[in-house]
Amino acid sequence: MANAECVSKWNSQRDASSLRSRKTVPTSQKTSHSKCTAVPENRDCQKRAEDDAQPSNGSSAQLSVELNDKTPSKVQLMLVAGLSLCTRLYRITQPPHVCWDETHFGKMGSYYINRTFFFDVHPPLGKMLIGLAGYMTGYDGSFPFSKPGDKYEQHNYWGMRGFCALLGSFLPVFAYLIVLELSQSHGAALIAATLLIFDTGCITISQYILLDPILMFFIMAAVLSMVKFNQQRHRPFSAFWWLWLLLIGVNLAGALGVKFVGLFVILLVGLNTIWDLWRLLGDLSLSLVDVAKHFAARVIGLILLPLFLYVAIFAVHFVVLNKSGPGDGFFSSAFQSRLMGNNLHNASMPEYLAYGSTITVKNLRIAGGYLHSHWHLYPEGVGARQQQVTAYLHKDYNNLWLVHKQHNDSQSGTPDLVRHGDIIRLEHKETTRNLHSHLHEAPLTKKHFQVTGYGINGTGDKNDLWQVEVCGGRKGDLVKVLRSKVRFLHQATGCVLYSSGKTLPKWGWEQVEVTCSPYLKETPSSQWNIEDHINPKLPNISLSVLKPNFLEILLESHIVMLRGNSGLKPKDNEMNSKPWHWPLNYQGLRFSGVNETEYRVYLLGNPVIWWLNLTTLGSFVIMVAVASISDQRGFTLGPKRKKHSRVLMRGGGLLLLGWLLHYVPFYTMGRILYYHHYFPAMLFNTMLTGVTLDILFKSADLLLHPPYPAWLQRTGHMVLLATVVFSFYLFHPLSYGMTGPLAHEAGSPMAGLKWMDSWEF
Amino acid sequence: MLPLPLVVTARVDLILVLVSLLALWTRLSHLGYPSAVVFDEVYYGQFVSLYMKRVFFIDDSGPPLGHMILALGAYLGGFDGNFLWNRIGAEYPSTVNVWCLRLLPALCGALCVPLVYLLTLELRFSHLSALGAALLLLLENSLIVQSRFMLLESVLIFFVLLAFFSYLRFHNAPTSSWSRCSWLLLSGVSCGAAVGVKYMGVFSYLLLLGVASAHTWKLIGDRTVSHMHVLVQCACRLACLVVVPILLYVFWFYVHLSILNRSGPHDQLMSSAFQASLQGGLSRITQGQPLEVAYGSQVTLRNSASQPIPCWLHSHKANYPIRYESGRGSSHQQQITCYPFKDVNNWWIVKDPGRQQLVVDTPPRPIRHGDVIQLLHGMTSRFLNSHDVAAPMSPHAQEVSGYIDFNVSMPAQNLWRVDISNRGAESEVWKTILSEVRLVHVNTSAVLKLSGVPLSDWGFRQLEVVAEKLFKGHSSSLGWTVEEHRYGTSQEQKEREAELHSPTHIDVDRKISFWAKFVELQWKMLTLKQEESEHKYSSGPLEWITMETNIAYWLHASTNAQIHLIGNPVSWGVANLSLLAYQLLATVYLLRRRRGFKDLPDGAWDQFLSLGCVCVGGWLVNFVPFLLMDKTLFLYHYLPALCYLHLLSPALVEHAHTHLLSSVTYQRAMCMCASAILLSVFLSYQTFSPLTYGRPELSANQLQGLKWKETWDILYRRR
């Protein structure tokens, strides 16, 4: 690592100097020499330094400032790391009960320890790491995490929280390094790191068992490696070039493996890479073969490697979770047969579908549910007011149906088997209504017909008759349980039983719509399989279900996750957080506690920092506009201004792009949104603040004569630091917890600090 | 003195004239047929009727200019608004001048054709390309169908094309002259009009702004021009392309609101103050009500939220069930609900807790912010009460009830503090209609709130009202406005009931400013959520590209004559091909240029780029947003995007002809191909024209033959 540091440091110097039109100063080279000598591979280092040394015609005033900046770098970094560890780990075990989403992610961590299969809308890496951290620190997976507020008591929960906090405390360090790399200014880096260290929001979100600190860790690590990789562009295919390239890939896989929000950072890296390749393509000194090599390297590092790692994460996920659990019903019959304890694991049931059997029918579309009905009618105005028939993803008594012949028949002896082309009636076991369809519009898919439960005790009308069709079968073929794909054709109208995959509104309990489609094309939506088959009169035969291969499992679980994600629609009565609330710090999230006696934690960014971020964002846009217009108009600028405008446009532009990519897409999302979704974007905004404020301070000499600009800069830094620390002092109870009266009463720890009515503490 | 002899030299582009005449003929002939309501005419027609009657309405589908243009046609045709637009296919009576109703959209649709011709010329392509583009547009069945009825797409397309044409005219004009500036102004005006017709116009407008800013950026970089000149130019563009459209947009609303000054079906969506500004409706009821609410006032309290539905605080002689379905218990006191209809049970009497009397003193003692009151239900004389019992549907909140003393140690907690949330001063008086109050429960400091959840059958499906501890910030479901109001005069219950049944009267005029109305209307239009449901003919954006879907617009009541929105399959295919070809070519060119091979001279390259910006860009901005939208979409939403592609194809052919094909033989072959394609476009136009014009009637077999795609829904009766 020392090696890496030396090279990167050297590089950063070299770059800074080249930015200043090579006005390098001998002293700075000396530092690089002295540092490099400790390293075995210093030849390269020295040679380059000498290269740089030749054309030096620098101004010495700038030089001393730069020099001053360089020496304390390590000290600063240690300071940043120490402070951020302290702030994140302080009172980590408080409160000793389940807070907010810990109930989900803690529970899922436990599932990994217990090896129980579950379903979640996020990819598994984050929860696997939480589970691992718990396992390493002696948590045995026995705590149920059933609802927020449950006391942990003797269970070992600090390990999982500590792990998240540890990853969370890397964020300021990464921010420091990224900004340093982008702006070549310690001031800027320090500002960004300070803002993150003292932001109550970042502290709170890092302190609990959540996916966000893990996600943000990978996002920031990916950005850091990308920035470092960009620095290496002058030495392609060197060891460090490869190292950073591969590190980007690893971190991208990590980010995507924790939450799908990781896609945004992939997009950022992707755009950066495209830009980089475009630059290389335009470099006519490179042959096409070289360009192809660059291209191939990036494909390997940024596409294949992350893809491989991502798939590997899922492989581990499936291997670890091999016991049946709460998530089974979301998956196909074939998938379920993998899970120990599931009734399809080494299933044993009558092999061919017979009359008089009790069955469950599962749709074959991915994440299609079981054919389901219940004692509720379609509401008025939605087709006929008959009993609802839906598709339901969970295993339930109401999924059971009885298979009857066209006319009620008394059976004796061995029951007849159902054959391709037979006309059957399906009776819902609980409600004794028949599966029925008629020429009314379906509730959501208006082109299809409505499917209802009709009749009583199995007596209905001729609209209850369905013809069984085995896909690829011929007349007379038997229907194999689990393995045959079956379609049910409605006798009277000729339509086919269909699951549209659309979620019904509240009256349908948010289950999935079932319709009868007049379009007879064979699609998985219109194909079903018989999953459970109970018939005491027939012998049970052990069935081996065709086990799906890994790629099928992977694809299926992704589609199930995507469905789940888009199914998280905001409920009517829930307070819904809007994206425009977030940068304004309009409203936080209650992590724990509501009333006066409880221990309250409230996720809310430090308003001073957040509002500073917002204003700086505005001034950044103005500064860039001014800089680019003056450039376009051809005004001549001094070398210092030129450097500033380059840092603004390149570094600042990258950060702004990151902010946009992590923020704007939320406006188009239909799913329910929460305040904490903004935190990755907030990191980018904070780094941008660092870059912009630093340049703003340094541009003071536009207005003042020396030595005042230097003074101004120093006072600016001091004032900023003081304000941030003081505001942190004011708002720290939000993160570290408070009891006592609420903020609008005197005597509360937050008295007088409820600056916005919408804050709920 | 005029110089004599007086000579006019005119240069007429005969092709242009010819194309325009053809366009007029295809769009305008037999415009009155069918004399029945066709598809969305049923939707737009009701608004036209409302304009004729000057009745206020709110339509969240778009700004008012489009509706106003349709209404203008109706006005010129002497339509009086007396037609019930209730179903598609209903015959128009002879009093309705159908031709005039459909004239303006058809004219706009016809003018699109010469505009495309001119636009291609402004993109610096030859007259032949221009002719090709015009022909493609001319023979596009879907555009013809969409123009020939009282629909808005053709108007939108017309304004968008006009905006681009005039902008390019401005950009290409050699010197800065007044005519040049007027082209810019025209462009701004058409942008304003396009956005005013449909919100979809915003995307094209943004594209135009993008192109304009790129040009301006180049101007800024031009160092041969003086700073002053650059400044003037920038200001000029800013004024014409940004300020003018915004002003125009507001102006449409100004016209809209000044035409519609009578109350109507959508009143209840608006605030009480807005309603009071309309003639009739609420303003008739509330005219001359006393302004200041006083002790003894009789009031109806309307909730400020219009979601899920506007409603009034209500109670009736029915109690909460002792146990709910879920098994939870209730207080079994009288139900308090929110009821979406006017009813005598919506009346409440404001009582001074310290006194017994229920009539207003002379002089009245007005209620101020912070005063404590009781609210007595007029018909049942129960006090509005709340206590620490879970509400029926939202168990986290407190139940609100009409207090009944069952002697079960549940004391009355019926004091409420009036908290005027839009107060100017601390001691502001509670005003009818204008004040929005929160009623804060004195014992528990919970706030009276509409939860919006419908109650079960025991509550007659009315909406639940709860009291909730205030943690959340401002929410309109917490606000209540006094809508109807009078000073109570009768102390006796019987008289009071009679009084409550009698209508209110007296007169005062309350005005709110145009800006307040504009902001409110705009906000309501953007936030009004209609139940999104699938339509029989709705479709997804990806189906449009290959035209997997069609829309049956009209079917003759007894015969097989019918009109469908179906595009010309050949030109549709050509459009898709050219889109693909452009992208491919652009990629190859870009990569090669980057490596230093300049395949095109700079002029041709610029031409190629601007073609892409306008056409491919136009297609993108008019198509991609639909992929992200959560709305019910139809095939006709794709038509603006399609027009850009029709612009693109002939230009691309010309580009290939001049720059890609070196030998004369290839060039000739290309020309042949192009003419063959045009011919087949014409043939397929003719094939589908019975479905476009609704005549001649086809037999079932012929219709079956027209079903080129499995997924098309063509209807036929078997006889």
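Trainee: How many disulfides does the structure hold over all chains?

Mentor: This is a predicted model, and a disulfide here requires two cysteine sulfur atoms within 2.5 Å. Over all chains, the number of disulfides is 2.

Trainee: Which parts of chain A does the link of Cys495(A) and Cys516(A) join, and how many residues apart are they?

Mentor: Cys495(A) lies in the loop between strand E10 and strand E11, while Cys516(A) belongs to strand E12.

Trainee: What is the handedness of the link of Cys311(B) and Cys338(B)?

Mentor: Cys311(B) is in the loop between strand E1 and strand E2 of chain B, and Cys338(B) is in strand E3, 27 residues apart. Both of these cysteines are buried. The angle about the S-S bond is 95 degrees, and the link is right-handed.

Trainee: Is Cys86(A) buried or exposed?

Mentor: Cys86(A) takes part in no disulfide, and the nearest cysteine sulfur, in Cys202(A), is 17 Å away. Exposed requires over 50% relative accessible area. Cys86(A) has 53% relative accessibility, so this residue counts as exposed.

Trainee: Turning to salt bridges, what is the N to O distance between Glu153(B) and Lys198(B)?

Mentor: Glu153(B) is in helix H7 and Lys198(B) in the loop between helix H8 and helix H9 of chain B, 45 residues apart. Glu153(B) is buried at 3%, and Lys198(B) is buried at 13%. Their side chains meet in a salt bridge with an N to O distance of 3.0 Å.

Trainee: Which residues are joined into one network by salt bridges that share partners?

Mentor: Arg365(B), which is partly exposed at 28%, meets Asp352(B) at 2.8 Å and Asp361(B) at 3.0 Å. Asp352(B) is buried at 13%, and Asp361(B) is buried at 18%. Through shared partners, the network comprises Asp352(B), Arg355(B), Asp361(B) and Arg365(B).

Methods. Residues numbered from 1 in each chain as written. Chains lettered and ligands numbered in written order. Predicted model: local features only at pLDDT ≥ 70, side-chain atom pairs only at ≥ 80, totals over all residues. Heavy atoms only, no water. Salt bridge = Lys/Arg side-chain N within 4 Å of Asp/Glu carboxyl O. Helix = DSSP H or I, 4+ residues; strand = E, 2+ residues; numbered from the N terminus. Buried < 20%, exposed > 50% of the residue type's maximum accessible area, 1.4 Å probe, protein only.
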